[in-house]
Amino acid sequence: MSKFYVTTPIYYVNANPHVGHAYTNIICDCISRYKRIKGDEVFFLTGTDEHGEKIKKAADEAGEDVKAFVDRVGQNFKKLWERLNISYDFFIRTTDVFHIKAVQEVIKALYEKGDIYKTTYHGFYCTPCESFWTDTQIKEAGICPLCGRELEKLEEENYFFRLSKYEDWLKDYLKKNPDFIRPKIRYNEVKGFLETQKLSDLCISRPKRRVSWGIDFPIDDNYAVYVWFDALINYISAVGFAVEGKRFNKLWPADIHFIGKDILRHHAVFWPIMLHALGLEPPRIIFAHGWWKMGEDKMSKSKGNIVDPLVLIGEIGVDALRYFLLREIPVGLDGNFSRSVLLHRINSDLANDLGNLVYRTLNMAEKYLEGKITESSPMPEEFKKAFKGLEKNYISCMDKVEFSSALEEIFKFIGAMNKYIEDTKPWILWKEKKIDCLKAFIYSLLEGIRIVSIYLSPFIPETAASIYRQLGIEKELNLNGIKWGISKEFNIKKEKPLFPRIDVD
Ligand code: MSP
C-alpha cells in the first residue's frame, strides 16, 4: 500500500465559492477516490486562506469583525464540499493556531540561516492577487500583469526571503525533473520565466500599520507575514511540520499539488525554493489546471459572471455537475462553461447511455426473472473489445490525470452493452421462452453494470453507490472487484431512473 498525499489550493474567504473553485476540489476528490479504490492510503487536504489585505477589505465592506467574517464565509466552503461529496481528510484554516506556529518556525529558521533580511522595497502590489510585481515584470504601466487591475505603488522597509540565492538550484531541479510541473505547457512556462528573468528576492512582510490582518512576524513586532508566504506553508503545517515528526516524514513530500494556472509562479518557484531552503524535498508534482470561462472571461466574482454551484446542483444534481466538469475538458485546458453544452452532455451520456442502460436492465431483471439472478455466465463476445480497452487504459489514464479519456473508455463499454441489448432483442427470447439465454443475457448486463459502477465511482460516487444498492450487492467498491464473474447473485431493488432527461428548452 503506498501513501498518496494530495492537496487543493486553500481558498480566499473574501467571497463564497463558485464553480471554478469547485472544479479543483472535484479533481482532487476524483483522484483521491481512485487511489482509495486502488488500495492506496490517501491523505486529501483542503482548506481556507484567511489572512491578508483582500480579506480584511471584504470584512470591512461587510461591516463585520474580520475573524467573525472568515469564520462565517469559511463555513460556506465546508458546506459546498459536503454537498459535492468531497472526501477530504483534513480542512486547514490559516488562522489555526498550529499553522500560525509553523509559519513562525519557518521564518525563524530561515532568518537564523541568513536567508531572510530587511531592506526597502520599491515596487508594486496587486491586492486582488495579493502579489508583488517589479518594474520589469509589468507590461502595461500601473496594471497587474496577472489580473489586469490597477497596481499600488509601494516603497517601504520590509523583510525579504533570498529567492535569488536558490535560482540556480531551481533551474537545475527543473532540468533533472521534467515531470515536476504538469502539463508540459506549464513546465515550459516556468522554465521560460526562469530563463528570461533574474529572480528577485521575495518580500515576505507587511508593516502592521498598513496590513494588520496576518500572522505576527516572529522577529519583528511591527510586521505581519505576507499572505502567500503564510499560505504555502499550509501544505506542511497540516501534516505535522515541526511538531509531529513521524507523521510528517510519512506524508511529506506531497504527491501532487493541484492548482489553477494563475497561481503557478507561487507554487513552482517560491514554494520549492522555500522548501529547499528549509532542507525539505519539493512536492512530487505540481499540476496546474485551466480556467472555467464564461465566453472570453475567466469565471470570477470580480467579473460578476460566476455560476453558483449550489444553485446548479439544485437543478441538475451533484453527480451531473461533477461528471460535466471532469468529462468536458482535459484537466489542464480551459473550458467554456456553456449551459447548452452542459445539458446536452447530461442528457446524452448520463440520462440516455448510462441511465437507460441501468434502468432497462433492472427492469428486465424484475420483469423476466423476478429480480433474482443466481447463476453467473461468461462474458459475451460482444463486450470483449470495449472491456479490454477499458481494463487496459483506465489505470494509465487515471494515473496521468487524463480523466476525460478514462470516462471515454468507460462510456465505450456502456455503449457496447446498450448495443448488445438492441442486437439481442430480449423480448423475443422471452416470447420464445428461451429462459436460459435470457438469464445469461441479464447476468452479463448486470455484471457489466457492476464493473462500470466501480470504474465510475471516483467520478460520480453517489450514482455508483446507488447502482450497487439497486443491484442488491454490498461488497465494497474497489478495483479488486473488476474481475468478471465474481458476482454470485443479484437481488434487484430498482429505484427511479438515475438521471432524468432535462428539458433543454
Ligand atoms: N489563496 C490562494 C491560493 C493559496 S494556495 C497555497 C488563491 N485563492 S483563490 O481563492 O483566489 O483561488 C483558488 C483557486 O481557485 C486557484 O487555483 C484558482 O486558479 C482557482 N480558480 C478561481 N477561479 C477559477 C476558474 N474560473 N476556473 C478554474 N479555477 C479557478 O489563489
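# Close-up views of a predicted model

**View A. Leu-477 counts as partly exposed, at a relative accessible area of 23%.** For burial, the cut-offs are buried under 20% relative accessible area, exposed over 50% and partly exposed in between, using a 1.4 Å probe and protein chains only. What you're looking at is a predicted model, where local features need pLDDT of at least 70, side-chain atom pairs count only at pLDDT 80 or more, and totals for chains, interfaces and linings use all residues. Residues are numbered from 1 along each chain as its sequence is written, and side-chain values use heavy atoms, with hydrogens and water left out. Leu-477 sits in the loop between helix H18 (461-471) and strand E17 (490-491). Helices (H or I, at least four residues) and strands (E, at least two) are DSSP runs numbered from the N terminus. Setting aside neighbours within four places in sequence, Leu-477 is in contact with Ile-37, Ser-453, Ile-454, Ala-464, Ala-465 and Tyr-468; contact means heavy atoms within 4.5 Å. Leu-477 and Lys-38 are 439 residues apart along the chain, with 10.0 Å between their C-alpha atoms.

**View B. Here's the whole protein, with its 18 helices and 17 strands.** Along the principal axes, the C-alpha atoms fill a box of roughly 90 × 45 × 40 Å. Buried residues account for 57% of the 505. Take the contacts between residues at least 6 apart in sequence: 78% of them join residues at least 24 apart.

**View C. Helix H13 (residues 339-369) meets helix H15 (residues 403-424), with axes that come within 10 Å and cross at roughly 45°.** That angle makes H13 oblique to H15. The angle classes are roughly parallel under 35 degrees, roughly antiparallel over 145, roughly perpendicular from 65 to 115, and oblique for the rest. Axes are lines fitted to C-alpha atoms, for helices over the stretch in contact, and angles run from 0 to 180 degrees between N-to-C directions. The crossing of H13 with H15 is left-handed, meaning that the near helix is turned anticlockwise from the far one by less than a right angle (clockwise would be right-handed). On the H13 side, the contact uses Asp-349, Leu-350, Asp-353, Leu-354, Leu-357, Arg-360, Thr-361 and Met-364, and H15 brings Phe-411, Ile-414, Met-417, Asn-418, Ile-421 and Glu-422. Sorted by type, the residues of this contact are eight nonpolar, two polar and four charged. Here Ala, Val, Leu, Ile, Met, Phe, Trp, Tyr, Cys and Pro count as nonpolar, Asp, Glu, Lys and Arg as charged, and the others, Gly among them, as polar.

**View D. H15 also packs against helix H17 (residues 435-456), at about 165° and with the axes 11 Å apart.** H15 and H17 are therefore roughly antiparallel to each other. H15 passes H17 in a left-handed crossing. Among the H15 residues in this contact are Phe-411, Ile-414, Met-417 and Ile-421, while the H17 side includes Phe-441, Leu-445, Ile-449 and Val-452. The residues of the contact of H15 with H17 split into 14 nonpolar, three polar and no charged.

**View E. Ser-32 lies in helix H1 (residues 19-38).** Ser-32 is buried, at 0% relative accessible area. Not counting residues up to four places away in sequence, Ser-32 touches Val-6, Val-42 and Phe-44.

**View F. Asp-262 is in the loop between strand E11 (256-260) and helix H10 (264-277).** With 22% relative accessibility, Asp-262 is partly exposed. Leu-146 is 116 residues away from Asp-262 in sequence, but their C-alpha atoms are 7.3 Å apart in space. Leaving out residues up to four places away, Asp-262 touches Leu-146, Trp-291 and Lys-298.

View G. Pro-183 is in the loop between strand E7 (181-182) and helix H6 (184-196). Pro-253 is in the loop between helix H9 (245-251) and E11.

**View H. Glu-130 isn't a glycine, yet it has a positive phi of about 50°.** Glu-130 lies in the loop between strand E4 (116-126) and strand E5 (131-133). Glu-130 is buried, at 1% relative accessible area.
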